[in-house]
There are 4 protein chains.
Amino acid sequence: MSFSFGDKIRITIFGQSHSEQMGVVIDGFPAGFEIDEKKLADFMARRAPGNDEFSTPRKEGDKVRFVSGLVNGTSCGAPICAVIENTNTLSKDYENLRDIPRPGHADFAAWAKFGTNRDVAGGGQFSGRLTAAMCIAGGICIQLLEKKGVYIGAHIASVGNIKDTPFDSVNVTKDDFVGHKDFPVIDDECGELMKEEIRSAKKEIDSIGGTVECAICGLPAGCGDTLFGGWESAISSAVFAIPAVKGIEFGAGFESARLCGSENNDEFTIAPDGVIRTVTNNHGGILGGISSGMPIIFRAAFKPTPSIGKEQGSVSLSQNENTTLTINGRHDPCIVKRAVVCVEAAAALVAANMML
Amino acid sequence: MSFSFGDKIRITIFGQSHSEQMGVVIDGFPAGFEIDEKKLADFMARRAPGNDEFSTPRKEGDKVRFVSGLVNGTSCGAPICAVIENTNTLSKDYENLRDIPRPGHADFAAWAKFGTNRDVAGGGQFSGRLTAAMCIAGGICIQLLEKKGVYIGAHIASVGNIKDTPFDSVNVTKDDFVGHKDFPVIDDECGELMKEEIRSAKKEIDSIGGTVECAICGLPAGCGDTLFGGWESAISSAVFAIPAVKGIEFGAGFESARLCGSENNDEFTIAPDGVIRTVTNNHGGILGGISSGMPIIFRAAFKPTPSIGKEQGSVSLSQNENTTLTINGRHDPCIVKRAVVCVEAAAALVAANMML
Amino acid sequence: MSFSFGDKIRITIFGQSHSEQMGVVIDGFPAGFEIDEKKLADFMARRAPGNDEFSTPRKEGDKVRFVSGLVNGTSCGAPICAVIENTNTLSKDYENLRDIPRPGHADFAAWAKFGTNRDVAGGGQFSGRLTAAMCIAGGICIQLLEKKGVYIGAHIASVGNIKDTPFDSVNVTKDDFVGHKDFPVIDDECGELMKEEIRSAKKEIDSIGGTVECAICGLPAGCGDTLFGGWESAISSAVFAIPAVKGIEFGAGFESARLCGSENNDEFTIAPDGVIRTVTNNHGGILGGISSGMPIIFRAAFKPTPSIGKEQGSVSLSQNENTTLTINGRHDPCIVKRAVVCVEAAAALVAANMML
Amino acid sequence: MSFSFGDKIRITIFGQSHSEQMGVVIDGFPAGFEIDEKKLADFMARRAPGNDEFSTPRKEGDKVRFVSGLVNGTSCGAPICAVIENTNTLSKDYENLRDIPRPGHADFAAWAKFGTNRDVAGGGQFSGRLTAAMCIAGGICIQLLEKKGVYIGAHIASVGNIKDTPFDSVNVTKDDFVGHKDFPVIDDECGELMKEEIRSAKKEIDSIGGTVECAICGLPAGCGDTLFGGWESAISSAVFAIPAVKGIEFGAGFESARLCGSENNDEFTIAPDGVIRTVTNNHGGILGGISSGMPIIFRAAFKPTPSIGKEQGSVSLSQNENTTLTINGRHDPCIVKRAVVCVEAAAALVAANMML
């Protein structure tokens with residue numbers, strides 16, 4: 001089912017951009033785990049818009065309320081259901097989009113699939129807003145993973161053509177994570193250049209794409225499974241659920257396709273602690289679908305936000321004729337900053353299932 | 001379960017590189033479909049090694065035998081089971097790999113997961129040989145899809161730094177497919193350069209990576225689903241099941257992360273036949289996880305074959321000490337040629353499930 | 001996952017007896033269906049306790065609130081989430097049960113599985129109260145099925161040793177259904193005897209078991225699947241999710257085990273309308289797991305409510321010693337009346353998945 | 001998918017009565033388990049027909065061949081595939097059934113679902129013969145369970161109106177199992193009466209139904225899950241996959257529906273070994289879907305074999321008119337003896353998944 005993910009800890013997301021509530025049910029979560037609600041709120045805040053110059057000015061509270069599954073804040077073995085109220089949803093803003101689909105947006109696909117029954121308001125269930133529900137579940141899984149010594153962190157790897165320093169794929173640990181920063185990059189000078197790029201796009205009532213790099217640290221070797229049950233299959237199917245992702249690569253990724261085996265292969269060695277590790281990490285911590293014990297490293301490509309202020313060619317669905325569309329300028333010129341935490345959440349959903 | 005894929009047509013793969021048989025069970029396949037066994041054999045032959053200078057010299061027959069699910073060659077509604085005999089498997093060749101894992105290969109992961117219980121011979125269930133089972137199922141699905149007007153074709157998009165001409169992502173049709181060619185590229189001159197690159201790697205007892213581009217043509221708009229049920233999630237989870245894949249991108253993919261929205265958005269227009277189409281296809285035929293009616297276009301990155309003849313550093317699993325490894329030179333210097341049909345098969349498994 | 005059911009329309013239930021809310025997410029429900037909320041409320045009211053002399057005096061509103069998936073009361077293709085607030089939950093009442101499990105109740109199993117992390121209040125997720133969530137989903141599916149000409153009705157088939165007239169398994173139609181009655185039996189005189197039996201149990205601060213018979217009418221022949229995908233497997237797995245069910249039988253059921261083939265076989269005949277039907281219906285509308293076009297008929301056995309006022313032997317979990325337990329007399333002396341609608345709901349979940 | 005069962009150890013069955021092979025793929029089976037093939041052959045022999053006066057005279061070898069998943073007889077973590085060759089299949093015998101469905105048999109349902117595409121020979125995938133594949137998987141799971149101290153045994157509980165002594169539901173252990181007997185009953189005198197009943201049915205070219213009782217011993221308390229994930233749901237969905245099963249009940253089952261709570265409730269007590277047990281076992285070892293630590297006890301009702309020698313009324317599918325049918329007398333007058341091992345297999349599939 002398309003709104004569910006996971007086979008051990010299984011989440012089911014519900015909600016639309018402007019439904020009364022959105023939320024997530026988490027079935028299979030172990031009993032006896034105390035959820036740190038403050039920490040979860042901090043995690044959610046990293047996704048929430050409206051708190052800086054770069055994101056959409058809509059205010060979304062994203063306050064998480066648990067309606068089942070906890071007794072005094074501790075999981076009891078029943079499915080955990082957590083919800084967010086959708087407030088201040090101005091559905092009228094979207095009425096003009098009912099007839100003219102935004103280029104690059106899911107509007108047209110929703111119409112093709114559901115016709116007039118689709119929920120036009122705020123993009124319905126296609127809205128990036130549903131990543132909030134994914135972040136609730138992912139944020140809880142991250143807490144569970146930390147108890148097992150597994151840590152997940154992501155950063156903005158690029159905005160347009162500006163690239164952040166990548167993680168050291170061999171040595172990265174949780175101490176290298178930058179999720180706490182207002183602008184989560186490793187190299188802050190690079191971050192300033194990125195901000196300039198975003199400001200420039202915003203000024204042009206345009207948008208700009210980017211990439212996010214994520215590391216999963218502390219995994220033992222031997223987790224995961226072969227074929228369709230491998231880490232790459234699982235992570236990619238979770239990460240592509242985040243709207244705007246158009247590519248993903250693990251380790252050396254597309255670069256490895258340009259290399260010789262003698263360049264790309266990662267030699268094994270006995271680490272000082274007696275554990276077998278690799279000297280390099282072009283394999284991104286995954287061999288044969290299974291964790292190698294090295295950090296899992298992947299990068300996701302986000303296309304630029306499709307909602308831009310510039311006039312664009314489109315069609316009238318009712319008239320079946322060409323027309324143009326100018327969208328109200330209230331949009332997020334670069335979603336990559338907010339996407340960082342979504343990528344962490346997606347990775348956490350996978351890792352929690354693999355570890356259980 | 002890691003050896004199964006699909007929720008409407010569900011395949012389950014079994015076998016190891018050197019097990020008596022390998023095969024696939026296909027549950028949910030519609031009754032009354034006559035399988036063209038000659039066509040399937042041609043499809044399988046594209047994956048089979050041993051038929052040119054570039055692939056591994058092992059002879060693998062890959063003759064498909066149907067043991068259930070058909071009556072006089074036509075599906076009867078029972079699960080279809082098809083098998084391939086594994087013959088001429090020289091398990092002794094692999095005995096020296098029992099203690100020293102090949103860099104870049106799943107050997108180490110198999111040991112980490114299964115310890116001494118793993119099947120060392122030929123890489124066990126981690127072997128690329130299992131893609132033959134995927135190709136049986138994919139080859140049958142391709143026949144089913146063609147009956148519905150959906151066509152799938154892939155080509156070698158690059159070998160090392162040599163790039164083939166890409167598909168015209170807006171206008172590609174089945175007439176542009178090159179799967180029938182001995183060396184499946186669009187630009188044969190480019191193909192000659194690729195061959196030279198492969199010969200060069202082979203001469204160096206090394207290997208070289210590459211990419212495969214795939215197009216799914218003829219899909220109506222509105223197929224697929226949102227969130228975890230989208231085309232990108234489904235295709236990526238199938239394609240990463242092919243060993244050696246380390247990256248995937250849809251439409252403009254990673255390039256879209258460098259673009260502005262005004263560059264990346266694909267404007268809608270009424271095509272001459274009255275159907276709504278897009279002028280460009282940076283979205284790769286997928287919007288919000290759902291087919292837009294444009295060709296679905298994606299590229300997969302294959303790392304170079306890890307088994308190379310050059311001496312490499314590794315470890316002795318039994319002694320837990322560093323050592324070196326030199327692998328018998330009988331390996332495939334570039335798997336990308338044979339991977340083309342595997343990518344088509346993976347895409348077909350997804351498309352058949354989405355269309356049913 | 002244990003709180004989910006269905007592969008086409010998939011429901012996920014959440015909540016505990018005393019959690020803030022309980023509810024259900026329905027994924028895969030077709031878009032464009034207008035839910036009749038009044039009709040659903042009537043359906044829910046049949047399960048709600050507190051409205052007659054026989055059921056538990058606790059007041060449960062069971063007012064359904066839709067928080068996602070509908071636009072103006074019509075399904076939009078997003079998962080439907082509907083919730084019920086849990087009000088007036090007196091968790092203190094259950095504190096004395098924390099240490100001493102009720103004989104026949106899930107208390108002990110919850111402790112064995114979850115230990116001190118279990119939710120003691122009201123039986124946690126083991127409470128019969130969660131059938132309300134099942135009824136929301138089932139009630140919606142019943143509306144969907146009616147649009148397809150499929151009707152589901154159940155009645156109290158027995159209380160203790162008092163048996164209602166069974167459905168005419170060959171000719172039953174929706175006109176024979178009795179769900180609208182205060183006491184849903186076919187033979188009202190028989191119903192009076194049942195009531196007397198229940199009053200008698202109540203007076204003895206005891207409880208009494210019973211059976212429910214259910215019919216699914218209007219199904220075409222050929223729905224369902226073989227082996228694990230048959231109607232009997234699907235219905236039984238849904239019906240046993242209702243607490244207190246200890247047996248199920250289809251058609252002649254256990255009686256057929258006493259018969260000869262010549263007695264039990266249902267001969268085929270061409271009905272006046274030209275359709276093939278059977279003369280008798282010992283097969284209960286299911287042959288080889290698949291619908292035969294005859295009414296599907298099954299009966300479920302409900303054990304007596306375990307919570308009774310009489311003193312019973314039990315153990316102290318903390319002291320690991322024998323003790324006795326006397327439960328506060330506020331219990332439902334016979335749940336069968338309220339179970340009728342739950343059985344209909346379970347059957348509807350199955351039928352909606354089979355028909356889609 | 002209807003030919004698959006289980007979420008941890010997942011089996012997928014393939015084959016038809018007269019397909020070249022039938023078999024099963026077992027995914028998720030733990031690595032490092034040595035399968036006792038002799039013991040498995042003995043298990044299979046209990047299901048195989050043709051070895052006494054009561055079963056169908058068809059010879060079925062049912063010799064199990066493992067084609068993948070084992071290395072030197074020990075599981076390696078890859079899916080285990082085991083097959084049985086279908087030999088001596090006289091498909092011509094069934095040609096006369098193509099037009100006239102047997103009363104009580106799946107013939108008609110197969111036609112309703114698949115029309116002329118169905119596999120008529122031997123009942124296709126609806127044949128009881130597919131229980132052999134279930135027995136392969138179940139027989140392997142039984143071996144796995146025994147390593148964990150869990151034992152499963154069933155016996156013929158009744159044939160027609162003749163009833164065997166039931167298991168002592170409180171004290172039953174593996175020492176009470178009778179699967180090794182030629183005629184698996186607890187009371188052999190009773191068994192003689194049953195045989196007489198079967199001989200009588202055979203003489204009348206008729207058939208007779210019966211019941212099977214099954215016990216699962218050695219389970220710890222706390223296994224299983226709530227709602228749709230409970231033992232009753234799981235066992236019933238597996239057991240109803242065995243053709244001819246029309247009813248199932250756990251513990252006191254339908255009898256409990258006639259009892260008062262004070263009669264039906266099982267009081268808890270501290271057993272001499274300090275473990276909490278119940279004094280009686282009307283709950284059949286399952287409370288709230290979860291194992292209580294007492295033996296799990298259930299009974300399944302088998303209808304009489306539909307294929308009988310007596311003339312019966314039926315229809316011509318091609319002519320859509322009434323006719324009569326006389327089936328060649330080669331049928332099994334009572335399948336209950338052979339069903340005993342199938343019930344054990346179904347129970348083992350569930351228990352292995354619950355225990356893993």
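Analyst: Here is the answer, starting with the ground rules and then the cysteines.

This is a predicted model, so local features need pLDDT of at least 70, side-chain atom pairs count only at pLDDT 80 or more, and totals for chains, interfaces and linings use all residues. Residues are numbered from 1 along each chain as its sequence is written, chains are lettered from A and ligands numbered from 1 in the order in which they are written, and side-chain values use heavy atoms, with hydrogens and water left out.

A disulfide is a covalent bond between the sulfur atoms of two cysteines. Here, a pair counts when the cysteine sulfur atoms lie within 2.5 Å.

Take A:Cys217. Its closest cysteine sulfur belongs to A:Cys214, 8.8 Å away, too far for a bond. A:Cys217 is also buried, at 6% relative accessibility. Buried means under 20% relative accessible area, exposed over 50%, and partly exposed in between, with a 1.4 Å probe on protein chains only.

Now B:Cys342. The closest cysteine sulfur sits in B:Cys135, at 4.0 Å, which is again too far for a bond. B:Cys342 is buried too, with a relative accessible area of 4%.

Next, the surroundings. A nonpolar core is a set of buried Ala, Val, Leu, Ile, Met, Phe, Trp, Tyr and Cys residues joined through side-chain atoms within 4.5 Å. The largest has 174 residues, and A:Trp231, A:Phe302, B:Trp231 and B:Phe302 touch the most other members. Apart from it lies another core, of 172 residues, including C:Phe183 and D:Met44.
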